[in-house]
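Thanks for coming, everyone. Let me put the structure up, and then we'll walk through it together.

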Amino acid sequence: MVQTSASFRRDLQDTDGSISLSEIISALSYALDLTEGAVHGHALRSCLLGMRIAQDARLPADQTNCLYFALLLKDIGGPSNVGSMCDGGDRSIKRGVTAADLNGADSENLSRIKLPWKKVLPRVGAKFGRILPAGLSQPKNNRERIGLRYDRGAAIVTKLGMGHFAADTVRNLDERWDGSGHPDSIRGEQIPLLARIGAVAQHLDIFSAATGTQNAIKTLQERSGTWFDPHFVRIALSLHRRGTLWTNCSPGDSQEDTRQAVLDLDAGTQHTLEPDQIDRICEAFADVVDAKSPFTFRHSIGVADAAFGIAETMGLPADRVQLVRRAALLHDIGKLSVSNAILDKKAVLSAAEWETVRQHPRITRL
């Protein structure tokens with residue numbers, strides 16, 4: 001029997017207490033939202049939106065199944081480059097870069113100049129001398145760093161056994177129809193089909209969470225044929241007009257209802273996970289946490305090894321030893337919510353910064 005944490009509702013378990021892949025991945029997707037600074041439940045809503053578009057496009061089941069997990073795990077490569085985005089920087093800086101990018105290509109160069117002065121200089125002072133040269137060579141450096149992010153995300157998805165369709169989707173999710181995207185600037189139908197759907201889905205959720213569903217639809221239409229595949233834009237607009245696009249995806253909708261809707265989509269393909277599969281998922285997310293900062297390299301694995309040894313020495317039952325190891329692997333997952341400006345800070349932390357650090361165990365439990 002697989003033990004579950006407080007985040008799993010009892011009525012979502014099978015009668016024997018086992019847990020499906022979709023239940024574990026959907027719960028852990030919240031941790032990826034913490035890293036991206038997204039509105040809580042972003043991956044779940046993106047999954048619902050993308051799956052509705054895929055189903056209306058009549059994609060075969062094997063592809064929709066891959067899209068399902070790709071959207072839940074789409075940001076899994078993110079923590080590996082948060083610290084390098086701005087010399088040990090901050091999630092607020094990363095969010096600023098994303099927001100500037102969403103404002104359109106015309107403002108991109110100006111945003112690169114404004115961003116360090118507005119967000120970085122007041123806080124890091126002397127570090128600006130190192131940030132400025134990085135800013136001057138930013139297009140090349142960022143392309144390399146962003147490429148590492150997507151490569152890592154695809155590699156983790158592959159390791160988890162999600163298949164090459166899912167891995168290709170995660171790697172190419174931010175490519176654009178006109179070739180101006182990342183990581184390879186491919187265009188049109190060169191972009192994997194599922195990644196084109198995923199791009200529309202994540203755009204809709206980011207904009208609806210920030211400015212409402214109508215503005216999300218408006219900007220989607222404006223970027224049809226430049227950022228997005230016009231075919232999937234038309235499908236999204238049709239779903240919007242029919243009133244079926246935003247169910248459980250609108251700002252203010254219950255997150256529990258959203259997650260249940262995501263789980264319902266997987267109802268026909270659920271399967272009970274083998275213990276080694278659960279272990280691989282826990283190990284993958286431990287790697288994600290440890291990649292956030294150079295100071296935590298392989299920390300979670302080390303804690304898990306130590307906890308496993310202690311539990312065995314105590315003579316605990318085998319299933320309890322296994323549970324202890326999994327808990328140790330995930331013990332720091334709430335740390336994804338802590339800014340790298342705090343995690344990598346070499347000086348003494350302020351009282352407010354310590355309070356942020358102290359919150360991460362509570363977030364882990366949630």
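In general, a disulfide is a covalent bond between the sulfur atoms of two cysteines. Take Cys47, which is in no disulfide. The nearest cysteine sulfur belongs to Cys249, and it is 9.1 Å away. Cys47 is buried, at 0% relative accessibility. Cys282 also counts as buried, at 7%. Buried means under 20% relative accessible area, exposed means over 50%, and partly exposed is in between, with a 1.4 Å probe and protein chains only.

A word on the source. This is a predicted model, where local features need pLDDT of at least 70, side-chain atom pairs count only at pLDDT 80 or more, and totals for chains, interfaces and linings use all residues. Residues are numbered from 1 along each chain as its sequence is written, and side-chain values use heavy atoms, with hydrogens and water left out.

Now the whole chain. It has 18 helices and zero strands. Both are DSSP runs, numbered from the N terminus: helices are H or I with at least four residues, strands are E with at least two. The chain has 366 residues, and 49% of them count as buried. The exposed surface comes to about 17,100 Å². Carbon and sulfur atoms supply 55% of that. Those areas come from the Shrake-Rupley method with a 1.4 Å probe; for residues, only the protein chains shown count as cover.

Next, contacts, meaning heavy atoms within 4.5 Å. Take those in the chain with a separation of 6 or more: 69% are between residues 24 or more positions apart.

On to Asn340. Where does it lie? In helix α16, residues 340–343. Asn340 is buried, with a relative accessible area of 0%. Lys292 is 48 residues away along the chain, yet the two C-alpha atoms are separated by 7.6 Å.

Now the backbone. Look at the loop between α8 (164–172) and α9 (193–211), where Pro183 lies. The peptide bond from His182 to Pro183 is cis, with omega near 5°. Ser185 is in the loop between α8 and α9 too. Its phi is positive, about 55°, although Ser185 is not a glycine. Ser185 is partly exposed, at 28% relative accessible area.

Last stop: Arg58, in the loop between α2 (42–56) and α3 (61–72). Arg58 is not a glycine either, and its phi is near 60°, a positive value. Buried or exposed? Arg58 is exposed, at 74%.

Note on methods. Disulfide = S-S within 2.5 Å.
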